[in-house]
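The following report examines a single protein chain. It begins with one residue and its surroundings and then widens to the chain as a whole.

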Amino acid sequence: MSGRDLFCQPRRCGRGAALTLVFAGVLVAGAATGSLPQQWGEGHARPSGAATAPAGRAEDVTRAAEEAAADGKSPMEAAERAVSRSGDRWAAVYSEGEYEEFEDSLDGRYTGVGLEARRERDGRIEVTKVQSGSPAADAGVHAGDRLRSVDGRSVDGLPVTDVVSLLRGDAKDARVGTAVRLGLERGTRAWTETLRRVLLSTDSVAVHELSDGVTVITVAAFTKGVGDSVRGAVEHAPPGAGIVLDLRGNSGGLVTEAVAAASAFLDGGLVATYDVDGDQRVLHAEAGGDTARPLVALVDGGTMSAAELLTGALQDRGRAVVVGSRTFGKGSVQMPRRLPDGSVAELTVGHYRTPSGRAVDGRGITPDLEADDGALKRAETVLGGLGDAS
């Protein structure tokens, strides 16, 4: 399991939804009243068979917030109580500042110190990457260092999302310039570094070429511009060489960018269908994608939402062989509503399906070939066979 202090939003996950699949600009027709006419989101998967009553639920939450405001009470607290009674497992209410942070993350910006980390099997937290130019890099933190504590709290055994939350200061609504104290270890050396959080930019797409000419395109999240980056990577790959699209650990992002990434491999056609309060809608790829190159999509249990939407499209359309383990299963569409105090309530309004009509919510995407350790090597082998077949 791995995580980063840049795009993960563990406090939001803990409160009910991660807002990691946003239907920005494609669901305008059914947008709610308020100041968010073009922002829609998809939260965590609801259990199969869970009941929903989207329209009435949204009205109840909005009414509770408005009545609280009229009585001089907190609209956000009233909305949170209404959400807790609604039965919408993945609904959540965010402060204005929290929602602004989320929007920054979709722009490829985040508040943090520049660390990525993972939890080892023994529960220890290891730094896996340090972003160049970040406070962590300036302090001399290296990949391979062990993170022992954050602000005096031991992180051994904690889920990576909790560690990320501590690094970002989510529980304290920490802003740019706030300090965070890290306990670190490297070999026999143990020391403490006090860093200040800054606004950093994500690098959501990484490209490298393997010795056999295979190009690996790793997409960490679907932030703005990722679709163009994927298309560019495909266009610059060696002629005829296979591609591995690595979506492991991808927690989602902008669905418009996921559709743009799909367009790099498809020549138009259906990417997904979705419903909003029972109204059926569709998402289509643009024409002109590269449909000839051998393609493998790598996935795991951390592949979520927009990344699952892309995976399902490539699998159903017969464009990619999917290798790895079953994906997370986030397929519920949610809509945010602005409340009187500027906070935002997010409520489930529907679900999306793959081109063949498969529901992702609560089920995930089953890979064509199961692989855990050595998944990338398995993907290379599969690409070799696809290349021979072509």
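## Leu245 and its contacts

Leaving out residues up to four places away in sequence, Leu245 touches Ile217, Val219, Phe265, Leu295, Val296, Ala297, Leu298, Leu310 and Leu314, where a contact means heavy atoms within 4.5 Å. Leu245 belongs to strand β15; helices (H or I, at least four residues) and strands (E, at least two) are DSSP runs, numbered from the N terminus. With a relative accessible area of 1%, Leu245 is buried; the term denotes under 20% relative accessible area, against over 50% for exposed and in between for partly exposed (1.4 Å probe, protein chains only). Its C-alpha atom is separated by 6.1 Å from that of Val216, 29 residues apart along the chain.

## Basis of the model

This is a predicted model, in which local features need pLDDT of at least 70 and side-chain atom pairs count only at pLDDT 80 or more, while totals for chains, interfaces and linings use all residues. Residues are numbered from 1 along each chain as its sequence is written, and side-chain values use heavy atoms, with hydrogens and water left out.

The mean pLDDT (the predictor's confidence in each residue, from 0 to 100) is 82 for the chain, and 85% of the residues reach 70 or more. Over residues 1–53 the pLDDT is below 50, although this stretch has 205 contacts in the model beyond near neighbours in sequence. Where pLDDT is low, the predicted coordinates should not be read in detail.

## Overall architecture

The chain contains 10 helices and 23 strands, and 54% of its 390 residues are buried. Of the contacts between residues at least 6 apart in sequence, 69% join residues at least 24 apart.

## Nonpolar cores

A nonpolar core is a set of buried Ala, Val, Leu, Ile, Met, Phe, Trp, Tyr and Cys residues joined through side-chain atoms within 4.5 Å. The largest has 40 residues, and those with the most contacts inside it are Ile217, Val219, Phe222, Val230, Leu245, Phe265 and Val271. Elements that each supply at least two residues include β14 (215–219), α7 (226–236), β15 (243–246) and β17 (270–276). Helix α9 gives the most, with six residues. Apart from this core lies another, of 19 residues, among them Leu167, Val180, Leu182 and Leu184.

Phe222 is in contact with residues including Leu247, Leu254, Glu257, Ala258, Ala261 and Leu310, its neighbours within four places in sequence being set aside. Helix α8 is mostly covered, with seven of its nine residues buried: Val255, Glu257, Ala258, Val259, Ala261, Ala262 and Ser263.

## Backbone and charge features

Most residues other than glycine have a negative phi. Asp151, in the loop between β8 (146–150) and β9 (153–154), has a positive phi of about 55° and is partly exposed, with a relative accessible area of 29%. Ser305 also has a positive phi, of about 45°; Ser305 lies in the loop between β19 (295–299) and α9 and is buried, with a relative accessible area of 0%.

Glu380 is found in helix α10 (residues 375–389). Glu380 is buried yet has no salt bridge, defined as a side-chain nitrogen of Lys or Arg within 4 Å of a carboxyl oxygen of Asp or Glu. The nearest side chain of opposite charge, Lys377, is 4.1 Å away; Lys and Arg count as positive and Asp and Glu as negative, with His and the chain ends not counted. Beyond residues up to four places away in sequence, Glu380 touches Leu210 and Asp212.
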